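Please work through each task before reading its solution.

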Amino acid sequence: MKANAGAVYTVYNQYLKRYTACQVAYIAPPDSVSKEPWAVILSLDWVGDAPLTAEELPHLRPLYKDFMYWPRDLHLLRVPIEVPPQYTLVGTLPPFTDQPCRSYGGWSGWRKIWTIPSGAGTARSISLPLLRKKQPINTARPVLS
């Protein structure tokens, strides 16, 4: 199936052993990399033990990455417009952004370890064993004087 702007998908993340979600922010036109249009996907600040449901859609937020050397920004990725079969369409929301995207990859590229939602709308670099044990994640920021 082809991606459509606003579509929200859930997929089982093998790295986390949990479900994650993304939204098709917009469809980008063909460019010098491909003669086909691209789906630009946005990581969402959601992770669960079961697939995302339609009832949860109104509570979704975009995921921002801002750890280590990354400036605070949305995690966007240009991917092929054809949605892989393991992705389940949950519903549609108005797109969270139309911000330009210059990063290319595959549908699984947005599920890297650093896109783990913190519950506070910010990606954190944390270890997989911590997540697998479902221990609380410390999202507090240090106070700088």
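**Exercise 1.** Determine whether Asp-45 is buried or exposed in this predicted model, and identify the salt bridge that joins Asp-45 to Arg-61.

*Solution.* Step 1: the relative accessibility of Asp-45 is 10%. Buried means under 20%, so Asp-45 counts as buried. Step 2: a salt bridge links the side chains of Asp-45 and Arg-61, at 2.7 Å from N to O. Step 3: Asp-45 belongs to strand E3, whereas Arg-61 is in the loop between E3 and strand E4 (64-65), so the pair ties together parts 16 residues apart in sequence. Step 4: Arg-61 has 38% relative accessibility and counts as partly exposed.

**Exercise 2.** Describe the salt bridge between Arg-78 and Asp-31.

*Solution.* Step 1: the N to O distance is 3.2 Å. Step 2: Arg-78 is in strand E6 and Asp-31 in the loop between strand E2 (18-28) and strand E3 (38-48); the pair therefore connects parts 47 residues apart in sequence. Step 3: Arg-78 is buried at 13% relative accessibility, while Asp-31 is partly exposed at 25%.

**Exercise 3.** Which parts does the salt bridge between Glu-82 and Lys-2 tie together?

*Solution.* Step 1: the closest N and O atoms of Glu-82 and Lys-2 are 3.6 Å apart. Step 2: Glu-82 lies in the loop between strand E6 (76-80) and strand E7 (88-92), and Lys-2 in the segment before strand E1 (7-13), so parts 80 residues apart in sequence are tied together. Step 3: Glu-82 is partly exposed at 40% relative accessible area; Lys-2, at 52% relative accessibility, is exposed.

**Exercise 4.** How many salt bridges are found in the whole structure?

*Solution.* The search finds four.

How values were computed
Residues are numbered from 1 along each chain as its sequence is written. This is a predicted model: local features need pLDDT of at least 70, side-chain atom pairs count only at pLDDT 80 or more; totals for chains, interfaces and linings use all residues. Side-chain values use heavy atoms; hydrogens and water are left out. Helices (H or I, at least four residues) and strands (E, at least two) are DSSP runs, numbered from the N terminus. Buried means under 20% relative accessible area, exposed over 50%, partly exposed in between (1.4 Å probe, protein chains only).
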